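Could you look through this model with me?

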Amino acid sequence: MADASGPLPPRSGSLSKEKSGKKNEKNSQKAASSEIPVLKGVDGHAARHSLTSASAGQASGTSAKKKEKQLHTKTSIPDLTPSVSVDSTATVSASASLVSLNTKASHEKPAKMSNKDKRGVTNESADFSISEPATTNPATPSSTQVDGVLETDTPRTEVSQTAGTAPSTGLDYADALKDGLKESGLKEGTEEKVEDLPLEGAREEPAEKPSKKTTLPFHDNTARGEPGNADHDVRREKQALYDEYPSLYFEGSDNELAQMERDRANAYQAAGIRFAPFNIPLQRRLQTLAVLVHSLIIAVTVSFFFFLCAIPLLWPLVIPYLLHMLLSKAATDGKLRFRSERFRRSRIWHFFADYFPAKLHKTHDLPADRKYIFGYHPHGIISHGAFAAFATEALGFSEKFPGITNSLLTLDSNFRIPIYRDYILSMGLRSVSKESITNILSRGGTDGHGAGRAVTIVIGGARESLEAQPGTLRLVLGERKGFVKVAMRTGADIVPVLAFGENDLYDQVSPKSHPYLHRLQMFVLRTLKFTLPFLHGRGIFNYDVGLMPYRRPLNIVLGKPIRVTKRAQSDLETSEIDQLHDLYVKELEKMWERYKDGFAPERSEEMQILK
């Protein structure tokens, strides 16, 4: 009994050219679907792919025949008859398996057809995409049709359409299609709908370029999409800033920092306190010991002195020492006596610097024939960064700035503490008094007048220590111009120094949440010239409670030196002092803008200049 779809093509053999035309016409009337893709020629017309679908039966056969004739008339595809083997179970059109495509696009324009024919082709069209040739499993040599796709054991190019996939015609036209697209200027892989393409002979209008809209109300040139003068100025200033200050990087040990973070995360907790594990490396234990000794040195030295005073046999030594301490001018005479370079280079200070860890960054060269005043910011609670960078050689100051002898300055009252004064004198610390600064920068050096010498002043002082909060940088600098006057009297260049992370080493009571305690601190500051910060950090064996500083990175950046001309005391003018002070503040702002994203990524606010 005959199948409803009509007689099937023979299993093997090839059809001649004379018989192919009749059988194509007969099979197209009874086939379930037939598809003939139409390719674009190189004459600039868009590619057209038509799909002619018809249901099985005599009613739709005539329509399929007419549309097939129209397409052959439109594209002028020759009747080629390659040999194709088709399985008897495949319900496909004989014309689709026998008709191949001429993949080389012709330069000749195709024949015109009426608008009615165009509508017929357009309405029957569908999107298509060309995939790479695929081979089926060799274990199944016979061809089958699954979900409308003809499966064969030979490589073929699949053209996916809405009504199914056309079987292979025995002629692989994928390479030819690529050549045609390349000649016509189209990119491989582009897909177009026939409805979206212009009609044949119609003039294609160029696509309109999207207009660029900007909204800057104060510049007329924004209507043309050009950047305003303000944008140019901002970019120019930013580029100048990057040219003036180089890129800096923290060269810490990533493995060690990661290990410390893991230890804190996995620490044993009791009553909300995280305790350090027992298997801490020896190097980290030594780092903690170095910081602990330096933090408790005042208490240790004073206690030891009173212990000596309790022994009457030692009074003959204690009394002369007290007289020497009260009458000594070693902290202010500028001769740098009792300074021990060996002690400054001791291994213990490398453990001290590696505890945080701390790093000294150089941005500009400092000639050794000049004298300098380094302004250190911020003060922090105890200024650990200033001590590591300028009171020791742990961070390599003499290597980065050869020929310069630097002295860190502190309160004159510290040189009245027994035994402690000898400790800080050996580290090279000197008094911050006006007399001391003038003597250091006017005596000694390579020329006998202070050339090659430098002093470091923590300008904010005790008042700034009360503003030390993690994630902030509030500098008490607005009305502090004494260092500028000393620089003009001595002819010393001013170098701004910004320590990123100094305020993060401790937590202290906020003045806003505890105003009465803040008033008490200010009263002690005005009366005794020092303050009592209510702080807490970490402990020796825990991470949350104690007076030890936190292990947080310290990045001390030395900025660009400001040239200062020496002036006599009578020639000092207020306008010139203000000008140098403003220039100094601007350099600090430049350094903050340049390095804040790298060294202060977790900041809670921007830098503030307070009076």
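The points below go through a helix contact, aromatic rings and charges over rings.

1. This is a predicted model, where local features need pLDDT of at least 70, side-chain atom pairs count only at pLDDT 80 or more, and totals for chains, interfaces and linings use all residues. Residues are numbered from 1 along each chain as its sequence is written, and side-chain values use heavy atoms, leaving out hydrogens and water.

2. Start with helix α16 (residues 434-442) and helix α18 (residues 482-490), whose axes come within 10 Å and cross at roughly 35 degrees. Axes here are lines fitted to C-alpha atoms, for helices over the stretch in contact, with angles from 0 to 180 degrees between N-to-C directions. Helices are DSSP runs (H or I, at least four residues), numbered from the N terminus.

3. Which residues of α16 meet α18? They are Lys434, Ile437, Thr438, Leu441 and Ser442, and their partners in α18 are Val486, Arg489 and Thr490 (contact means heavy atoms within 4.5 Å).

4. Now the rings: the structure holds 22 aromatic pairs (rings of Phe, Tyr and Trp, its six-membered ring, with centres within 6.5 Å; planes under 30 degrees apart are stacked, over 60 edge-to-face, the rest tilted). Phe305 and Phe306 form an edge-to-face pair, 6.0 Å centre to centre with 70 degrees between the planes.

5. Look also for the aromatic cluster that includes Phe343, Trp349 and Tyr423.

6. Finally, the charged end of Arg594 sits over the ring of Tyr242, 3.9 Å from its centre (CZ of Arg or NZ of Lys within 6 Å of the ring centre and within 35 degrees of the ring normal). Arg552 lies over the face of Tyr550, at 4.2 Å from the ring centre.

Note on methods:
Helices (H or I, at least four residues) and strands (E, at least two) are DSSP runs, numbered from the N terminus.
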